[in-house]
Amino acid sequence: MRFEAASAKIVNFATEIDEQTVEQARQTAALPFVCPHVALMPDAHVGKGAAVGTVIPTVGAVIPAAVGVDIGCGMIAARTVFTANDIAGRDLSLLRASLESAIPLSPGNYNRSLRRYPFTADRVRRLETLAAEHGVDLSHSPKWKEQLGSLGGGNHFIELCVDDDGQVWMFLHSGSRGVGNKIATHHIEVAKRLCRRDGVELPNRDLAYLTEGTAEFDRYIADLGWTQQFALANREEMMDRFRQALARWMRADPDGVETERINTHHNYTATERHGGTDVWVTRKGAVAAHAGRLGVIPGSMGTRSYIVRGKGNPDSLCSAPHGAGRRYSRSEARRRFTAADLKSRMAGIEYRHGEAWVDEIPDAYKPIDTVMADSRDLVEVVTSLRQVLNVKGT
């Protein structure tokens, strides 16, 4: 369903949306290089500069802050050979402990060694080669290799889930970690400086942009491409470690665990064709949903997530929501809810208890059922995922 917004250049798919989010979309849509329109996803909410859950097609320019500081953040889901019956009665706390040992959690926590897993070295080499080929300077992040295979904090998570047919899935959410943040922050500041220098008037400084054909634009696109590849590799690395831990827990061969894997960004920029025009499409908190393309839409901890297939809706710029979308800020969630509330909402799920995760309580997010209902013209549901185990950083 398409919901009209107060602008000819905004298409809004969210039934639950506040005026501040719409105003951010108006400001973004008013930029002269936006073409043909901005699309607000069903989970849209206030963000920094541009709203989270915004799809922004641009000609001749890209807005670094709209891509965000967690470049390439996204989801990865892997279906396994195991069923709900296979894991019934097993101690999920042992699997959780194994995952917490295998994957560094929380901001600033990195790998102490790159030799623990045999598949890590090849990913590091490929990323080193890619950086060298495109002249990507990583001197600002001497620990970037140690960041590969680490989760981070906030709404990043690792989950074991069961789908509608009783099949077990491995599922996790993360991005480009500290190295991505430094690259993004640098280019956001470059864009702001150039717009100030050129006397560009902006409704919000975080809508500062880089113009195609300039050295600064080319440098950003090269760095962006590497960072998006790092984010994909980071999720692949963690999923391979997850597979190892799950196989040990199930006393199975790791090579025979998976049957399917889906790895998707929801904070990124790519070149696409929309409305007959070649554009840069920035999806800030949105996933690609081209016709037939598989994607992942997570709920919050304690609620269902979804494997979906895109419908290629042109009004949405072939996009779909990236999750439930926040209803309350982190500080407001901590004011409203307690660890006891979280425990009640997580009944039947193995998770890390305590005050540190209260701001991630499902009540702090929009109802995923509403988001999915608003997405019915964007995607079809392949299956839903119900988590039985959840691991978060702080």
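Predicted model: local features only at pLDDT ≥ 70, side-chain atom pairs only at ≥ 80, totals over all residues.
Me: OK, how many disulfides does the structure hold?

Reply: The count is 0, taking a disulfide as two cysteine sulfur atoms within 2.5 Å. Cys73 is in none either, as the nearest cysteine sulfur, in Cys161, is 17 Å away.

Me: And Cys73, is it buried or exposed?

Reply: Cys73 is buried, at 4% relative accessible area. Cys35 comes out as partly exposed, at 26%. The cut-offs are under 20% for buried, over 50% for exposed and partly exposed in between, with a 1.4 Å probe and protein chains only.

Me: Switching to α5, how many residues does that helix have?

Reply: Helix α5 covers residues 120-134, so 15 residues, with helices being DSSP runs (H or I, at least four residues) numbered from the N terminus. From first C-alpha to last, α5 reaches 22 Å, close to the expected 21 Å (1.5 Å times one less than the number of residues).

Me: Which residues of α5 are buried?

Reply: Thr120, Arg123, Val124, Leu127 and Ala131. They line one face of the helix, because looking down the axis of α5 they fall within an arc of 100°, taken from the directions from axis to C-beta atoms. On the other side of α5 sit Ala132 and Glu133, both exposed.

Me: Last topic: which residues lie nearest the centre of the largest pocket?

Reply: Asp70, Asn155, His156, Asn267 and Arg330, out of 44 lining residues. A pocket is an open set of points on a 1 Å grid over the protein atoms alone where a 1.4 Å probe fits, with protein on both sides within 12 Å along at least five of seven lines; lining residues have an atom within 4 Å of a point.

Me: Where does the largest share of that lining come from?

Reply: From α7, which gives 4 residues to the largest pocket. The second largest pocket is lined by 13 residues, with Ser101, Pro104, Asn111, Arg112 and Arg116 closest to its centre. Helix α4 (residues 92-102) contributes the most to the second pocket's lining, with 3 residues.

Technical notes
Residues numbered from 1 in each chain as written. Heavy atoms only, no water. Helix = DSSP H or I, 4+ residues; strand = E, 2+ residues; numbered from the N terminus.
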